[in-house]
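Come along and check each entry against the picture.

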Amino acid sequence: MNIKYVHTNIVSSNWKELADFYTIVFGCKEVLPQRKLSGDWLSQGTGVANAAFEGVHLRLPGYGEAGPTLEIYQYTHMLDKAEAAPNRKGYGHLAFLVDDVEKMLQKLIAYGGKALGSICKHTVEGVGMLTFVYATDPEGNILELQHWN
């Protein structure tokens with residue numbers, strides 16, 4: 001059986017603004033076409049009654065044209081979510097390897113993100129020196145900015 005990771009989905013309250021954030025801050029690239037989907041087939045596959053959404057796939061940086069995407073969709077009808085927390089059960093965060101954690105955190109904040117923690121350095125035995133911080137995008141989804149020496 002051949003298995004290949006293809007995308008991670010974020011359900012957004014404003015898909016265009018969130019896509020702009022990831023494009024500007026992390027250099028993600030839009031993969032056309034933009035999506036506007038609905039119908040019985042979508043309701044059946046998602047298990048959401050009257051499912052309808054629109055959004056975009058963004059190519060994640062560092063993997064070229066065949067790399068995985070970040071899928072940002074906005075459903076017509078959405079449920080509220082619990083506040084994100086690094087230690088909440090379920091998916092935790094998206095991690096980005098960056099050249100300069102402090103500069104990237106400043107850029108992320110300038111475009112509406114927020115710091116959760118403070119920049120920290122720690123030597124991971126057998127791996128190297130890790131510099132990292134947890135932050136959020138403008139909608140509260142948790143991100144990790146990391147650099148290895």
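**Entry 1: helix α1**

I began with helix α1, residues 15–26: at 1.5 Å a residue its 12 residues should span 16 Å, and the end C-alpha atoms are 16 Å apart, which agrees. I noted that helices (H or I, at least four residues) and strands (E, at least two) are DSSP runs, numbered from the N terminus, and that the expected span is 1.5 Å times one less than the number of residues.

This is a predicted model, where local features need pLDDT of at least 70 and side-chain atom pairs count only at pLDDT 80 or more, while totals for chains, interfaces and linings use all residues. Residues are numbered from 1 along each chain as its sequence is written, and side-chain values use heavy atoms, leaving out hydrogens and water.

Which residues of α1 are buried? I found Trp15, Leu18, Ala19, Phe21, Tyr22, Val25 and Phe26. They cover an arc of only 150 degrees around the axis, which puts them on the same side of α1. Buried means under 20% relative accessible area, exposed over 50%, and partly exposed in between (1.4 Å probe, protein chains only); the arc is that of the directions from the helix axis to the C-beta atoms.

Just after α1, I saw that Gly27 takes a positive phi of about 75 degrees.

**Entry 2: aromatic pairs**

I looked up the aromatic pairs next and found 7 in the structure. The ring centres of Phe26 and Phe96 are 3.9 Å apart and their planes are at 15 degrees, so this pair is stacked. The pair links distant parts of the chain, with Phe26 in helix α1 and Phe96 in strand β5, 70 residues apart. For the terms, I wrote down that rings of Phe, Tyr and Trp (its six-membered ring) pair if their centres lie within 6.5 Å; planes under 30 degrees apart count as stacked, over 60 as edge-to-face and the rest as tilted.

Phe26 is buried at a relative accessible area of 8%, and Phe96 is buried at 9%. I also saw that Phe21, Tyr22, Phe26 and Phe96 form one aromatic cluster.

**Entry 3: a second stacked pair**

Phe53 and Tyr73 are stacked too, 4.0 Å centre to centre with 20 degrees between the planes. Here Phe53 sits in strand β3 (residues 52–59) and Tyr73 in strand β4 (residues 69–75), 20 residues apart. Phe53 counts as buried at 7% relative accessibility, and Tyr73 is buried with a relative accessible area of 6%.
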